[in-house]
Amino acid sequence: MLNEADNYIKMKKLFYGKKLLGSFLLMSMLVLFGCGPSKERLAAESLLNEAQSQLDSGNFQQAFKLLDSISVAYPKETEIRKQAMFLRTSVIEAETLKEISYNDSMSAEMKILYDQVLPRMKKVENPQLVEGYWIAIDGNDPKFMESTGIQARVSEDGEFYVISEVNGANNLHHSSFSLSTPSGVKAHSDTVPFDNELNYRINNSETVTYSGENTDSVGRFAVRYVNDPIKLIFIGEDGKTKTVNLKTDQVQAIADAYLMASSLTKGKRLSAQRELLERKLQLARDQKARTLPDQSK
């Protein structure tokens with residue numbers, strides 16, 4: 001009886017041992033033949049995790065590159081690609097919020113600049129003018145149109161422009177001017193050909209109106225070298241020139257007009273840009289809500 005019982009126990013152990021071994025082998029085969037994560041999925045998940053890390057560090061462009069590489073390198077990893085789409089909206093949201101913050105900071109700077117320069121400016125209005133304009137209170141000749149010099153102005157739209165006036169110069173026929181420091185640093189206006197509109201002459205008086213990129217450089221020059229002795233050189237026909245020494249308040253008048261115009265034009269541009277950023281942020285958040293992964297899976 002004892003031997004039969006021992007044999008029964010031995011047979012039972014052998015049976016269950018083989019059963020456990022078979023289960024172990026079956027599980028090993030299932031893992032081996034694809035029930036575990038594939039190499040592609042693990043690689044895609046690694047890229048996704050790295051993209052999240054780059055987002056957390058504020059490296060938005062690097063995060064975008066990593067997310068793009070998931071779609072290119074692992075097109076069959078549908079679930080990871082869905083998560084990448086959701087993460088992309090988070091990157092766009094974070095980047096846009098940063099841009100909005102920078103925009104607000106710059107807008108505040110332009111407001112401060114405008115508030116600082118406005119008390120030094122005055123508006124010129126006259127029924128004979130098509131529109132009024134701003135000039136600096138100091139550094140401008142009340143009888144400018146009868147003098148020889150330049151006057152920086154700001155239009156009602158915030159545009160910076162310059163008028164040059166030459167009187168009694170024996171037909172200099174100037175079409176441009178330059179500003180120069182003692183060390184030879186110069187800023188040149190555009191050349192405005194004679195047309196009796198932007199460049200017109202009457203009797204022995206010559207008046208030219210300048211605007212555009214080169215005029216902008218004249219304003220920046222005045223801001224930078226406002227405390228230097230500046231020479232104003234009118235450039236006429238056949239190499240003829242006329243030079244005038246500008247006083248400090250005259251250079252300051254050019255600088256103030258330029259600063260006022262810059263604060264207005266940049267402020268408007270920043271305001272328009274912020275509206276675009278707000279729309280971009282809303283689109284990102286709407287898309288984020290649509291691409292939110294299903295947490296029930």
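Strands here are DSSP runs of E with at least two residues, and helices are DSSP runs of H or I with at least four, each numbered from the N terminus.

The model is predicted, so local features need pLDDT of at least 70 and side-chain atom pairs count only at pLDDT 80 or more, while totals for chains, interfaces and linings use all residues. Residues are numbered from 1 along each chain as its sequence is written, and side-chain values use heavy atoms, with hydrogens and water left out.

Charged pairs come next. Side chains of opposite charge can pair when their charged atoms come close. A search of the whole structure finds 14 salt bridges, each being a side-chain nitrogen of Lys or Arg within 4 Å of a carboxyl oxygen of Asp or Glu. One of them joins lysine 82 to glutamate 79, at 3.9 Å from N to O. Both residues lie in helix H4 (residues 78-117), three residues apart, or about one turn of the helix. Lysine 82 is partly exposed at 42% relative accessible area, and glutamate 79 is likewise partly exposed at 35%; the terms run from buried (under 20%) through partly exposed (in between) to exposed (over 50%), with a 1.4 Å probe and protein chains only.

In the bridge between glutamate 93 and arginine 285, the closest N and O atoms are 2.8 Å apart. Glutamate 93 is buried at 14% relative accessibility, whereas arginine 285 is partly exposed at 36%. Aspartate 104 and arginine 274 form a further bridge, with their closest N and O atoms 2.6 Å apart. Aspartate 104 is partly exposed at 32%, as is arginine 274 at 26%. Elsewhere, salt bridges that share partners join Arg41, Glu45 and Glu77 into one network.

Helix H6 also holds aspartate 256, which is buried with a relative accessible area of 3%. Leaving aside neighbours within four places in sequence, aspartate 256 is in contact (heavy atoms within 4.5 Å) with Val117, Arg120, Met121 and Ala136.

Finally, there is the largest pocket, with about 770 Å³ of space. A pocket is an open set of points on a 1 Å grid over the protein atoms alone, where a 1.4 Å probe fits, with protein on both sides within 12 Å along at least five of seven lines; lining residues have an atom within 4 Å of a point. Of its 30 lining residues, the closest to the centre are Leu129, Tyr133, Arg153, Tyr161 and Ile163. The largest share of the lining, three residues, comes from S3.

Technical notes:
Grid points are joined across faces, edges and corners, and a volume is the space filled by probe spheres set on the points.
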